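Welcome, and thanks for taking a look at this one with us. Here is a short briefing to read alongside the sequence and the structure.

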Amino acid sequence: MRWHGQAINHDDGALPGLELPGLRTSGLLRTVRSPEFAGVTFHEVLAKSALSKVPAVSQMPFRWTVNPYRGCSHACYYCFARNTHEYLDLDAGHDFDSQVVVKVNADQVLRAELAKPSWTHEAVALGTNTDPYQRAEGRYQLMPGIISALADSGTPFSILTKGTLLRRDLPLLTQAAEKVDVGLGVSLAFADSPAGNELQQAVEPGTPSPRARLDLIRAIRAAGLPCGVMVAPVLPWLTDSLAHLERLLDNLVDAGATGVTVLPLHLRPGAREWYLGWLERDHPHLVEGYGRVYARGAYAHKGYRDWLWERVRPLIAERGLGGAAMHRPRVAGAHEGDQHVEGDYPRGAFSGVRADGAGAASLVADAGSETLF
């Protein structure tokens, strides 16, 4: 459904956003608001393409993505995609949360691209930039067309989401899985507990609660589909305690997750400034420690990553949640199970890897050694 009659007009007749070259070149049709989405503005655009090719140098285990939305009302302070909004002449902070670009023709364009003789049916990943099941999907309903286009063309695909709206499409996903390999993943880094719920609402205020996401995992598994979980990002001093990790992993076992990957917080440009601003307001006593852990850039200090992995590795193994679906080849001296690295996908979350782990590439340990910050 498109929002007819809700376009915003300035007194001079110009649409908000037309003065921004980044949106004009993205094919802006109109800008709309709705009382159902207080504080959020949607910029409807006509996309020229739906498939995005991942650079060959990327460490991701896929080469193609589809992102029907840019910006995200989940409003996660740590979201690594924040800086992409600056390409549209919007800011990486409040604009990313409240100025959502909708590719209203993404499903039709994708179907046309997949029909080309040159398409080789490589796996396609959704949810790698902004969440395809953020609240706007309830109105625009782009995902059913995208799922059908991929399945009808014989293209395997995976979806990673925090959005419980995925439950709407479970019948369609079940049908798609009869034609192609389908991977489903849920992102959840907070335990279902009073403290976990409070922190989740503070740092990712637009997302469904931990309990709602656990129920989503149960629904996916009840539909006969795999569901890997990204326990990411783990927030230093906030969600890395043994008690929190044990409770969260127990929640995931109970919900039926097929696998788990645990990754620490990344602070890329845009997200770094926005997250650290929140940290200074809500947890000022942690700012100095974060300065040490992230002194060298976007990634946590290797000492912290090693410490975290040593903490979670036995917890994952005890619960039978290991065996990440990986893309990197083995390197000399690396032992399977040594280390999760960026790009890891848990069992069931990535197409090409079955829930039993078959087809998974092996694990890679970071080279070198450093002392903990």
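**Charged pairs and their surroundings**

Glutamate 318 counts as exposed, because its relative accessibility of 59% is over 50%. Please keep in mind that this is a predicted model. Glutamate 318 also takes part in a salt bridge with arginine 319, where the closest N and O atoms are 3.5 Å apart.

**Salt bridges**

- Within helix 12, lysine 302 and aspartate 306 lie 4 residues apart, about one turn of the helix. Their side chains meet in a salt bridge at 2.6 Å, N to O.
- A network of salt bridges links Arg111, Asp152 and Lys179.

**The chain as a whole**

- The chain's secondary structure comes to 12 helices and 11 strands.
- Of its 373 residues, 56% count as buried.
- Among contacts in the chain with a separation of 6 or more, 76% are between residues 24 or more positions apart.

**Nonpolar cores**

- In soluble globular proteins, nonpolar side chains tend to be buried together.
- The largest nonpolar core here has 89 residues, and the members that touch the most others are Phe157, Ile159, Leu173, Leu252, Tyr275 and Tyr290.
- There is also a second, separate core of 7 residues, including Phe62, Ala123, Ala349 and Phe350.
- What does leucine 252 touch, not counting residues up to four places away in sequence? Its partners are Leu188, Leu214, Ile217, Val229, Val231, Ala257 and Val260.

**Helix 8**

- Helix 8 (residues 210–222) has 13 residues, which at 1.5 Å a residue should span 18 Å; its end C-alpha atoms are 18 Å apart, so the two values agree.
- Its buried residues are Pro210, Arg213, Leu214, Leu216, Ile217, Ala219 and Ile220. Two of these, Leu214 and Ile217, are among the residues touched by leucine 252.
- Which elements do the buried residues of helix 8 pack against? They pack against helix 6 (170–177), strand 9 (182–187), helix 7 (194–203), strand 10 (228–234) and helix 9.
- After helix 8 comes glycine 224, with a positive phi near 85°.

**Aromatic residues**

- A search of the whole structure turns up 10 aromatic pairs.
- In one of them, the rings of tyrosine 290 and tyrosine 294 have centres 5.9 Å apart and planes at 20°, so the pair is stacked.

**Two single residues**

- Glutamate 137 is found in helix 4 (residues 137–140) and is buried, with a relative accessible area of 0%.
- Leaving aside neighbours within four places in sequence, glutamate 137 is in contact with Tyr69, Pro132, Leu142, Met143, Pro144, Leu165 and Arg168.
- Proline 156 lies in the loop between helix 5 (143–152) and strand 8 (157–161). Is proline 156 buried or exposed? Proline 156 counts as buried, because its relative accessibility of 18% is under 20%.
- Proline 156 and alanine 123 are 33 residues apart in sequence, with their C-alpha atoms 4.8 Å apart in space. Ala123 is one of the residues of the second core.

Definitions and conventions:
Residues are numbered from 1 along each chain as its sequence is written. This is a predicted model: local features need pLDDT of at least 70, side-chain atom pairs count only at pLDDT 80 or more; totals for chains, interfaces and linings use all residues. Side-chain values use heavy atoms; hydrogens and water are left out. Helices (H or I, at least four residues) and strands (E, at least two) are DSSP runs, numbered from the N terminus. Buried means under 20% relative accessible area, exposed over 50%, partly exposed in between (1.4 Å probe, protein chains only). Contact means heavy atoms within 4.5 Å. A salt bridge is a side-chain nitrogen of Lys or Arg within 4 Å of a carboxyl oxygen of Asp or Glu. A nonpolar core is a set of buried Ala, Val, Leu, Ile, Met, Phe, Trp, Tyr and Cys residues joined through side-chain atoms within 4.5 Å. The expected span of a helix is 1.5 Å times one less than its number of residues. Rings of Phe, Tyr and Trp (its six-membered ring) pair if their centres lie within 6.5 Å; planes under 30 degrees apart count as stacked, over 60 as edge-to-face and the rest as tilted.
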